[in-house]
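Biologist: I am new to this one. Please show me how to read it, feature by feature.

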Amino acid sequence: MTAAFPAPAWLVGCGNMAGAMVEGWRGRGVDLSDVTVIRPSGTPVDGLRTFKSYPEGEKPLFVMLGFKPQKLDEVAPELAIHIGRETILVSMLAGVTAKSLRDRFPDAKAIVRIMPNLPVAQVQGVTAIYSADAGQDELVEVRRLMASLGMIVWCETEEELGVIGAVAAAGVAYVARFGEALARSAETLGLRPIQARMIAEQTLIGTGAFAAATGSHMADIARQVASPKGTTERGLAILDADDGLQPLVDRTLDAAMSRGRELAAEAARRD
Ligand SMILES: NC(=O)c1ccc[n+]([C@@H]2O[C@H](COP(=O)([O-])OP(=O)(O)OC[C@H]3O[C@@H](n4cnc5c(N)ncnc54)[C@H](OP(=O)(O)O)[C@@H]3O)[C@@H](O)[C@H]2O)c1
């Protein structure tokens with residue numbers, strides 16, 4: 001069954017992330033005819049009505065917050081007037097807790113936090129979902145919409161949502177950085193920049209496709225490539241060293257988690 005938006009639906013802010021979701025929904029044939037985008041620039045979003053300010057009339061039944069967490073207090077007072085008792089409020093704001101949202105949107109029927117990642121545009125996303133107060137009907141509606149963009153993960157706690165944000169949402173940037181580093185090293189070893197970039201990117205894409213098609217774990221893929229005493233094994237020894245990739249990734253995710261806690265504290269201070 002194709003997902004549908006409770007109508008009318010508003011997307012408040014539609015930049016990189018919400019835009020990627022729109023692309024994914026469009027790709028899945030989700031009906032976007034009752035969806036309105038509100039963004040200060042008024043930059044049109046293909047196929048959707050786009051306004052610079054909130055439209056008058058019926059209160060929206062579904063509102064998705066797609067702006068930066070730091071904008072919350074600029075947006076909330078005016079938006080709260082339009083949030084009725086039937087409105088499902090979905091927030092992708094990293095670090096901003098359900099309590100901080102409930103304080104600013106007391107009338108909302110349900111507050112749902114999501115943490116999507118950019119590959120939702122290709123329906124290959126990971127979207128974590130958390131809600132403390134959504135009823136069965138609201139959960140079904142949100143679930144259908146998010147599940148049409150790839151994998152969904154229900155979170156028992158907001159901490160879990162934060163971890164998945166660090167792994168899957170921010171993780172896209174970390175994986176992309178690895179691809180960039182691979183390309184830079186390839187250049188250092190003598191490949192032309194464009195050649196280095198294309199080869200590094202295709203290696204990342206191909207590894208993902210191989211894992212998806214074969215169901216192999218990443219550790220098994222590495223084992224399949226590395227023959228004993230061979231070239232790959234010598235390289236893996238660097239990544240696997242005590243001061244190699246794992247502690248670096250641990251520190252990277254710790255830093256992202258810590259920033260999430262800071263954003264939550266900033267929003268809570270203003271509650
Ligand atoms: N990027 C990711 O991979 C990712 C992943 C998970 C979660 N998130 C979350 O997604 C949110 C947006 O991130 P992003 O990367 O998409 O940012 P972005 O590309 O900078 O987009 C921000 C959007 O917010 C709009 N905006 C700014 N001020 C506004 C206001 N006063 N009222 C309404 N809309 C306003 C902007 O409108 P204009 O375009 O008109 O300026 C723009 O459409 C953040 O809260 C972030 O935590 C992002």
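Biologist: How far does a polar side-chain atom of K68 lie from an oxygen atom of the ligand?

Modeller: A polar contact is a pair of N or O atoms within 3.5 Å; within protein, one must be able to donate a hydrogen and the other to accept it, and residues adjacent in sequence count only if both atoms are side-chain atoms. For K68, the distance is 3.4 Å. Backbone N or O atoms also reach ligand oxygens: one of N16 at 2.8 Å, and one of A94 at 3.1 Å. Taken alone, the ligand exposes 900 Å², and the protein buries 79% of that. Such areas come from the Shrake-Rupley method with a 1.4 Å probe; for residues, only the protein chains shown count as cover.

Biologist: What should I know about the model itself?

Modeller: This is a predicted model: local features need pLDDT of at least 70, side-chain atom pairs count only at pLDDT 80 or more, and totals for chains, interfaces and linings use all residues. Residues are numbered from 1 along each chain as its sequence is written, and side-chain values use heavy atoms, with hydrogens and water left out.

Biologist: Which residues come nearest to the ligand?

Modeller: A residue counts as near if one of its heavy atoms lies within 4 Å. There are 23 residues around the ligand, and N16, M17, R39, S41 and F67 come nearest. Helix 1 (16–27) and helix 2 (72–80) each supply at least two residues of this shell. Helices are DSSP runs (H or I, at least four residues), strands likewise (E, at least two), numbered from the N terminus.

Biologist: How many salt bridges are there?

Modeller: Side chains of opposite charge can pair when their charged atoms come close. The rule asks for a side-chain nitrogen of Lys or Arg within 4 Å of a carboxyl oxygen of Asp or Glu. The count is 14. One of them joins D73 and R104, at 2.8 Å from N to O. D73 lies in helix 2 and R104 in helix 3 (residues 98–104), so the pair ties together parts that are 31 residues apart in sequence.

Biologist: Where is the cis peptide bond?

Modeller: From A7 to P8, with omega near 0 degrees. P8 sits in the segment before strand 1 (9–12).
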